[in-house]
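Visitor: I would like to go through this model term by term. Please give me the value and the cut-off each time.

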Amino acid sequence: MTAALRFDQIRLPEECETLRREVRAFLAEEIAAGTFNPHEPQREDTDIPEFSRRVGERGWIGMTWPKQYGGHERTFLERYVVTEEMRVANAPTRRFFVADRQSGPVLLKYANERIKMDIVPRICRGEVCFAIGMSEPNSGSDLFAAKTKATKTDGGWLINGTKIWTTSAHMADYMLAIFRTSPPTKENRRHGLTQFLVDMKTPGITVNPIAQISGLKEFNEVVFQDAFMPDENVLGEIDGAWKQATSELAYERSGPERFLETYYVLTELVRALGTNPDTRGAEGIGRLVAQLHTMRRMSVSVAGMLQAGKEPVVEASIVKDIGTIWEQQLPHRVRDLAAFIDADASNHHTLGDQLAFAIKIAPKLTIQGGTTEVLRGIIARGLGLR
């Protein structure tokens, strides 16, 4: 084996439970004020800037980042609690979540000081939205097949090509994108990719929404036509972005959002079955909750490793693989368990509406953030199996 696979047993400390109570109280206030409905699934194309700013005011964006950039130097485990509570409550986190999860850490590690001092504090205040430009037409989750080209010019680079399935690009202020700055070599097909910070207001960038069967339009095609990126927007090593992207994906693939995206149908099933479910319903709920608990323990473990300064790429890929398959199958399992509920019972119609929506979005869950096939390749390589 090339890597030792491990999921450390980590329990959340008391300060996390105190924080959890604070987050729940905040969300209860927002729900009471009508900001969002916890019984409706979070529409990923929903943008509520005021909510994002209020979360920033609470200090819950950029929690683990240095204070000099607006962060709060809290732990990854505390951030985990906030993410978990936001997701369970179906809170509208789209505006700040990607920046908080992965874009901010990349800027802190690779951007120059001017960019960090300008953009990172605004992320912490909930003022800016980020998108991730990785996938391209005809390449799927194979990041190393990227063809969108960055050509050197005076003072910067000209970008030409297309990114696709770019979540939130229609509302993003910035994008972190990977472009080809030189051809891959025969010895290393990962060579030749460079990461850039992209200002989405740059001339030459066109965003085309991609409609889905669910009615959502959070995915986009982003077309670059001689879009100019200044030299200071290069992040990290020229031609060496694959190493940065691998590290970044450890943040993207391991959090509770990777198994809680359809969680609302489980809570609504419990509400619909009531306090005295039949044996079939009770057994079904028990199995689902046991599976959820196991995934959560694995995800918390990855958060603990990130806190310790490790890069648990293989473990994060396992969490994402197992988690997205589970959340993809969950609506179908809930539908089966709800089949014998009285059609006139309380919550039955709400559950039906939620199931209709969850089943429509389910196909994308094992694709976003890396397909199952790609993830299993990463896992196999990390374990020395290929």
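Guide: Start with Ser-168, which has a relative accessible area of 1%.

Visitor: Why is Ser-168 called buried?

Guide: Buried means under 20% relative accessible area, exposed over 50%, partly exposed in between, with a 1.4 Å probe and protein chains only. Ser-168 has 1%, so Ser-168 is buried. This is a predicted model: local features need pLDDT of at least 70, side-chain atom pairs count only at pLDDT 80 or more, and totals for chains, interfaces and linings use all residues. Residues are numbered from 1 along each chain as its sequence is written, and side-chain values use heavy atoms, without hydrogens and water.

Visitor: Where is Ser-168 found?

Guide: In the loop between β3 (156-163) and β4 (174-180). Helices (H or I, at least four residues) and strands (E, at least two) are DSSP runs, numbered from the N terminus. Ser-168 also has a positive phi of about 70°, although it is not a glycine.

Visitor: What makes Arg-95 buried?

Guide: Its relative accessible area is 11%, under the cut-off, so Arg-95 counts as buried. Arg-95 lies in helix α4 (residues 94-110). Beyond four places in sequence, its contacts (heavy atoms within 4.5 Å) include Asp-47, Glu-127 and Asp-173.

Visitor: What makes a set of residues a nonpolar core?

Guide: The members are buried Ala, Val, Leu, Ile, Met, Phe, Trp, Tyr and Cys residues, joined through side-chain atoms within 4.5 Å. The largest has 42 residues, of which Phe-51, Leu-107 and Phe-130 touch the most other members. Helix α4 gives the most to this core, with 6 residues.
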